[in-house]
Amino acid sequence: MAAGEDLPEVSLADLPVDERIKEHLGSEWGIEELFPPQREALAYSLAGGNVMLTIPTASGKSLVAHLTMIHRLLTDLQGGRALYIVPLKALATEKVEELRELASLVGLRVGIAIGDRSGETSGIDDSDILVCTSEKLDSMLRTRDGLMEKIAVVVADEFHLLHDISRGPTLEILLSRIRHAQPDAQIIALSATVGNAEKMSDWLDARLIQSDWRPIQLQSGTLTGLDLKIHRIDGPDHTVWPEPRTIEGRTTRRLQSVLDDSVTTGGQMLVFVNSRASAQKEARELSKHVRKALSDGSIRYSAELAEEWDEIAEKMTRREDTSVMGRALAQAIRGGVAFHHAGLTHSQRKVVEEAFREGTLLAIVATPTLAQGVNLPARRVIIRDHRRWSSVAGGSMPLPVMEIRQMMGRAGRPKYDDSGDALILAKDESDELNIVEMYLLSEPEEVTSKLANPSAMRAEEDPALLTHLLSVMATGGIRDRDAVTRFFSETFLATHMDGQMLDNRLDDVISWLTHNGMITREGESSEVLARIKEREDAGDEPEEWQDEMPEWARTSENLAGIEVSKTEQSSPSALTPRKGPAIFGFSKASQRITAEPSLPDPASMTYAATMLGHRVARLYLNPISGRMIHDGLQRAMSVLNGTDDVHQVSPLSLLHMVGCTPDFLALWPRKDEVDRIHNAIHSHQREFLSEPFDSDLERRMKGILVLEDWINEAKMEELEKNWSVQPGDVRSRVDLAEWLLYAMREILADDEELRRLDPGQHKALIEFVNELHRRVRYGCKADLLGLVSIRGVGRTRAREMADLLGVESAADVASLTEKDQDKLADLRGWSPRLVENIVSAASRSARRQG
């Protein structure tokens, strides 16, 4: 169906979907009629057309996608598969629940693929609808042959995140790969309001359904002092414009005054601030305010709710390894207020979000990440900060209009509120005027591709293009220069980057991949030449490239080269031969990465991925990381076989190797940590087998030292105190290090050249990497690895068992005497039932191992 063809709208009664679905929508979801944008969109999507639906939050975008997928899989696409792509794991879980509720009515199965841990994947092979994150789907397309073949419908939720520098390139390449391999697949893009929706829909050959309609009225305004003014109203028609009013309270305690005002009308409040520290501070102050009001006998706040707050707080602090931040969160919750940011663990975020959805919490103070897809509407949204620090600009910068609108769109709860209000705090009348002009009356920014870095001078400075070009060459069937050009001419990037510039970028990246052993040039192909000639004869040449250059919101940072910092790390020649052993710290006892300038390859040149290139692509690594790990392993083998008599191999060596890669997230050091970091750099030089990809060794070394403390069983509270990191920070770095160590082990196991150097030492190095991988996963020393694998035994209980009873393995625990079991049960936090369960689990584990 043509994207521009007009079709009449459809009503819910006339909707050509299974009657069981329509009945369930009415009886269980309370949907009696479709919203206007839904009626318009479904007329096209149910007929099989590509659709881009650009409407406000809570206007029913997801229902259009759900109904289209289910209807088409039951009718003309039987045997096909639908994909629902989301940016966040939390959003995926929410969509899976909705889809399973509807799909189960008609016999369709819904799977999930959002990660590699237990519970993050199910039904990948036999589901009709698969809900997945962009990154997990990209990984599966690289490693699962045949997955592409059945794709019939693709939903891209939060499609506007094409502009996001971290997530955008992956989503863009995914959609490009699917459209390239399955040109008949239907695409449904769900997007927030953007400034260039027409251009985005044209890229997808999609019908654009664009509307400002909302089911709930959104009143947007400012709060200057305590003066509240509404400057914009979106949603159903209104007849009365709210008069400006002054909120009761103190101007020095504006958020407390706004909370009092919100609670008086029975509403909850979301507050957005620009930093974690601000989120915790404001939540703490609001919580104190509520508790004081309760103690003063105020009838505004419910004593019954206060009991529920205490129950939640008690549950959060029950664990022995509760962190400082965890206790701060629990204390804030005792006053009915929580904070929400990336430093929280997954379980902490889940508790906060569920309590807010249930109406138990009065307010959440959050950083802007909460606005990206998590369904947490509130009666009132307050944006305290509309500026944030930018390291690129070297100062405070205004937030994008699109981001502010995403936050404001959370105001108004469907089924509960007739309207919601979103207020931006202004310092004075001048600031108020600027806010109104910039955020309330202007249009959102245009979305531009982040697949290429516009300021890149070398291939190393274009990590997204490096990563995804290797992927399509190694796993996507793109194996000649002409095919590369034609594939990338179909990307969103090609709609606003000059064709010659894009070709030059691709030439640079191909040269880098060749120079660094990821691909090989196989020579020119007569078949490719014939294909080009046939296309030229048929007049099927790509259209002329547009000459527009994009306005990039952000650029890739810290990729100025891959040279070691000369001020902190000495070259091997600067170190004298070591006096200690070649390897230590286990229970079983580089060159610059760049490419020389070269002439562009002819269009008929063909390529083949090397073993390393295949492995790096399938492991989902940045090729720079893959090369760095490979070079570090070469040096480690040189140490082990005696060729290198300067360096040493230790657990820190391998942590340093992964911590120096661009795939690892560094940590900003505080001033009082710099001396410790420099001392560590100086004292461990012999153990450094890799050169950091950037010059900021201090930030990388901090992350490495946090990991070292983690595997040496430092408690979360100690990590917070010693390194000013929060549980979410530690968890994210542990996950990254675990993945990179797994990748290291796979690269090492595949490398026959390294194996031939010394088979025995090669096998030993694989064992060392495997041991460290497990230590990072469990956060323990090597002597506990035999215990932490027992179900229900973490590192804390494992250490208590080892220190008290001297046990080392599941077999040891399975054979504990009654006397030993009684000793364990007497420990704080233990019980006879717990000991019994652990002994039973150890017996099962010992039988499996035997």
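Mentor: Please keep in mind that this is a predicted model. Let us start with two helices, α2 (residues 36-45) and α3 (residues 61-74), which pack with their axes 10 Å apart and at an angle of about 25°.

Trainee: Why are α2 and α3 called roughly parallel to each other?

Mentor: Their angle is about 25°, and angles under 35 degrees count as roughly parallel, therefore α2 and α3 are described as roughly parallel to each other. Their crossing is right-handed, and the contact is formed by Gln38, Ala41, Leu42 and Ser45 on the side of α2, together with Leu63, Val64, Leu67, Thr68 and Arg72 on the side of α3. Sorted by class, the residues of this contact are 5 nonpolar, 3 polar and 1 charged.

Trainee: What makes α15 oblique to α16?

Mentor: Helix α15 (residues 463-475) and helix α16 (residues 481-488) pack at an angle of about 120°, and their axes are 11 Å apart. The range for roughly perpendicular is 65 to 115 and roughly antiparallel begins over 145, so an angle of about 120° leaves α15 oblique to α16. The contact is made by Leu465, Leu469 and Val472 of α15 with Val484, Phe487 and Phe488 of α16, and by class it has 6 nonpolar, no polar and no charged residues. The crossing of α15 with α16 is right-handed.

Trainee: Why is α16 also called oblique to α18?

Mentor: The axes of α16 and helix α18 (residues 526-537) come within 9 Å and cross at roughly 45°. Roughly parallel would need an angle under 35 degrees, and roughly perpendicular starts at 65, so the crossing at roughly 45° makes α16 oblique to α18. Here Asp482, Ala483 and Arg486 of α16 meet Val528, Arg531, Ile532 and Arg535 of α18, and these residues divide into 3 nonpolar, no polar and 4 charged.

Trainee: Turning to the strands, how do you know that β4 and β8 are edge strands?

Mentor: They belong to an open sheet of 8 strands with mixed pairing, in the order β4-β3-β5-β2-β6-β7-β1-β8, and β4 (121-122) and β8 (207-210) each pair on one side only.

Trainee: What makes β2 and β5 a pair of strands?

Mentor: Pairing asks for at least two bridges, and 5 bridges join β2 (residues 81-86) to β5 (residues 129-133), so the two count as paired, and they run parallel. One of the bridges places Leu83 with its partner Leu130 in β5. Helix α5 (residues 134-143) packs on this sheet, touching β2, β3, β4 and β5, and its direction makes about 110° with that of β5. Helix α4 (residues 89-103) lies across β2, β3 (110-113), β4 and β5, and runs at about 170° to β3.

Trainee: How many aromatic pairs are counted, and why is the pair of Phe35 and Trp213 called tilted?

Mentor: The count comes to 3 aromatic pairs. The ring centres of Phe35 and Trp213 are 4.8 Å apart, and rings pair if their centres lie within 6.5 Å. Their planes stand at 45°; stacked would need under 30 degrees and edge-to-face over 60, so the pair is tilted. Phe35, in the loop between α1 (19-27) and α2, and Trp213, in the loop between β8 and β9 (217-224), are 178 residues apart, and the pair thus links distant parts of the chain.

How values were computed:
Residues numbered from 1 in each chain as written. Predicted model: local features only at pLDDT ≥ 70, side-chain atom pairs only at ≥ 80, totals over all residues. Heavy atoms only, no water. Axes fitted to C-alpha atoms, helices over the stretch in contact; angles between N-to-C directions. Helix = DSSP H or I, 4+ residues; strand = E, 2+ residues; numbered from the N terminus. Left-handed = near helix turned anticlockwise from the far one by under 90°. Contact = heavy atoms within 4.5 Å. Nonpolar A, V, L, I, M, F, W, Y, C, P; charged D, E, K, R; others polar. Phe/Tyr/Trp six-rings, centres within 6.5 Å; stacked < 30°, edge-to-face > 60°.
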